[in-house]
Amino acid sequence: MDFNRTVLVTGGCGFIGSHLVCSLVTRNPHWRIINLDVLDYCCSPRSLESIEDRTNYTFIRGDVCNSRLLNHIFSTENIDVIFHLAAKTHVESSFESPSSFQRVNIDGTRVLLGAAHQARHRPQRFIYVSTDEVYGAGLDQVFDESSPVRPSNPYSATKAAAEYLVKSYWDKYKFPIIITRSNNIYGPRQYTEKVIPRFLNLLQMNKKCTIQGTLPKSRHFLFVDDAISAFLLLLEKGTVGEIYNVGTSCEIPIMQLARELIKMVKNVQDSEVNDWLEFVPDRPRVDLCYPIKCEKLQQLGWRAEVSWVEGIRQTVKWYHDNPDFWTEAGEDQGQVRSKFQKTNE
Ligand SMILES: NC(=O)c1ccc[n+]([C@@H]2O[C@H](COP(=O)([O-])OP(=O)(O)OC[C@H]3O[C@@H](n4cnc5c(N)ncnc54)[C@H](O)[C@@H]3O)[C@@H](O)[C@H]2O)c1
């Protein structure tokens, strides 16, 4: 079959990446979608089982820091579009092992950019999926794309550094990059270390939701389908060399989040909610919130379509219907690993 576009997604087995890959593969049968992922602990090959047999889908298990592999991919495939999502993403872990975050998030981006830029077939777009966390905390300030970048944890520092690398390829070579900075994204299939699945997982095990520290933290939550629609719109209509905030006005205090989830999962009255809360010491230098303006993206016609009520309903239902998804993920990864090793023996 002839394909009229080849898209490389890095990190396509992760939470957002798997939704992006599924969407690209099913909506665009004439596009070939290549997913490059190392299969880190936080992802499951099962996230892609609905599309893994499609003829327009190819999975490559590999490390984005491996320049030989990346040069091989770009010399054997005519890659038109790159969505770069592969990253270490857990903020708390970034305090414990900052060097692994630097390796994947900065070096991986450098290697990918180098291979993409040197490719014989020039890519049309390189979309780097970054985060609102690069702005640092905003208490009485709402950030737009020209606001200063002040990352305050090792994770966001590596994302900001990678952004500068990506931007330098536009400034120096007019390599057609676009950078997105999105809010916290949530939805089905997110690994249980992030706040919403962490609370759901605790409640499913009849444990209490742990609230870190006493300061009133909140997050702007964007449903994963809305994030994907923003990325796909930016692919077609975004201006190269530009940065786009991707977010929502839906700000949810973490305490309110825990209370809502307790009521939904445990089906209890207001008076019993506190029985499912436990207060634990704060993690170091946690930011209180990251408010962003998204007018630039909205001018292209994007709106978040999924309300908080609907998005959290779908998410809670998915975790309810798939209680073993993450416990079984390790076994599935082992099987993919042995299949991969066999073909390479
Ligand atoms: N989840 C959010 O709320 C959010 C918000 C804004 C931006 N982002 C960004 O979106 C991207 C995806 O986030 P996510 O939540 O899906 O994360 P995730 O942790 O679920 O997925 C990351 C994926 O990257 C892969 N990966 C890690 N190291 C790799 C390597 N060396 N080579 C190849 N693949 C590797 C992992 O196996 C995993 O599949 C990240 O770049 C993240 O910074 C996430």
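1. The model is a predicted one. Its open sheet consists of 7 strands, paired in parallel and arranged in the order 3-2-1-4-5-6-10. Strand 3 (57–61) and strand 10 (243–246) are the edge strands, each of them pairing on one side only. On average, and with direction ignored, neighbouring strands of this sheet are turned by 20° against each other.

2. Strand 2 and strand 3 run parallel and are joined by 5 bridges. Asp37 has Arg61, in strand 3, as its bridge partner. In general, the strands of a sheet pair through backbone hydrogen bonds, in either a parallel or an antiparallel manner.

3. Which helix packs on the sheet and touches strand 1, strand 2, strand 3, strand 4 and strand 5? This is helix 1, whose direction makes about 160° with that of strand 2. The ranges of two of the strands touched are 5–10 for strand 1 and 81–84 for strand 4.

4. Helix 1 also packs against helix 7 (residues 224–237), at an angle of about 60° and with the axes 10 Å apart. The crossing in which helix 1 passes helix 7 is right-handed. On the side of helix 1, Ile16, His19, Leu20 and Ser23 take part, and they meet Val224, Ala227, Ile228 and Phe231 of helix 7. Sorted by class, this contact has 6 nonpolar and 2 polar residues, with no charged ones.

5. A further helix pair is formed by helix 6 (residues 195–204) and helix 8 (residues 254–266), whose axes come within 10 Å and cross at roughly 40°. Helix 6 and helix 8 are therefore oblique to each other, and their crossing is right-handed. Helix 6 contributes Val195, Phe199, Leu200 and Leu203 to the contact, while helix 8 contributes Ile254, Ala258, Leu261, Ile262, Val265 and Lys266. The contact of helix 6 with helix 8 comprises 9 nonpolar residues and 1 charged residue, and no polar ones.

6. Strand 9 (residues 218–223) deserves a separate point. With strand 7 it runs parallel, and 3 bridges join the two; Asn184 stands opposite Phe221 in strand 9. With strand 11 (residues 251–253), strand 9 runs antiparallel, again through 3 bridges. There, Ser218 stands opposite Pro253 in strand 11.

7. How many residues surround the ligand, and which are the closest? The number is 30, and the closest are Gly11, Gly14, Asp40, Cys43 and Ala87. Two or more residues of this shell come from each of helix 1 (15–27), strand 2 (31–37), helix 4 (98–118), strand 5 (125–131) and strand 7 (184–186). Helix 1 gives the most, with 3 residues. By class, the shell divides into 17 nonpolar, 9 polar and 4 charged residues.

How values were computed:
Residues are numbered from 1 along each chain as its sequence is written. This is a predicted model: local features need pLDDT of at least 70, side-chain atom pairs count only at pLDDT 80 or more; totals for chains, interfaces and linings use all residues. A residue is near a molecule or strand if its C-beta atom, placed from the backbone, lies within 6 Å of it. Helices (H or I, at least four residues) and strands (E, at least two) are DSSP runs, numbered from the N terminus. Ala, Val, Leu, Ile, Met, Phe, Trp, Tyr, Cys and Pro count as nonpolar, Asp, Glu, Lys and Arg as charged, and the others, Gly among them, as polar. Axes are lines fitted to C-alpha atoms, for helices over the stretch in contact, and angles run from 0 to 180 degrees between N-to-C directions. Angles under 35 degrees count as roughly parallel, over 145 as roughly antiparallel, 65 to 115 as roughly perpendicular and the rest as oblique. A crossing is left-handed if the near helix is turned anticlockwise from the far one by less than a right angle, and right-handed if clockwise. Two residues are in contact if their C-beta atoms, placed from the backbone, lie within 7 Å. Two strands pair if DSSP finds at least two bridges between them.
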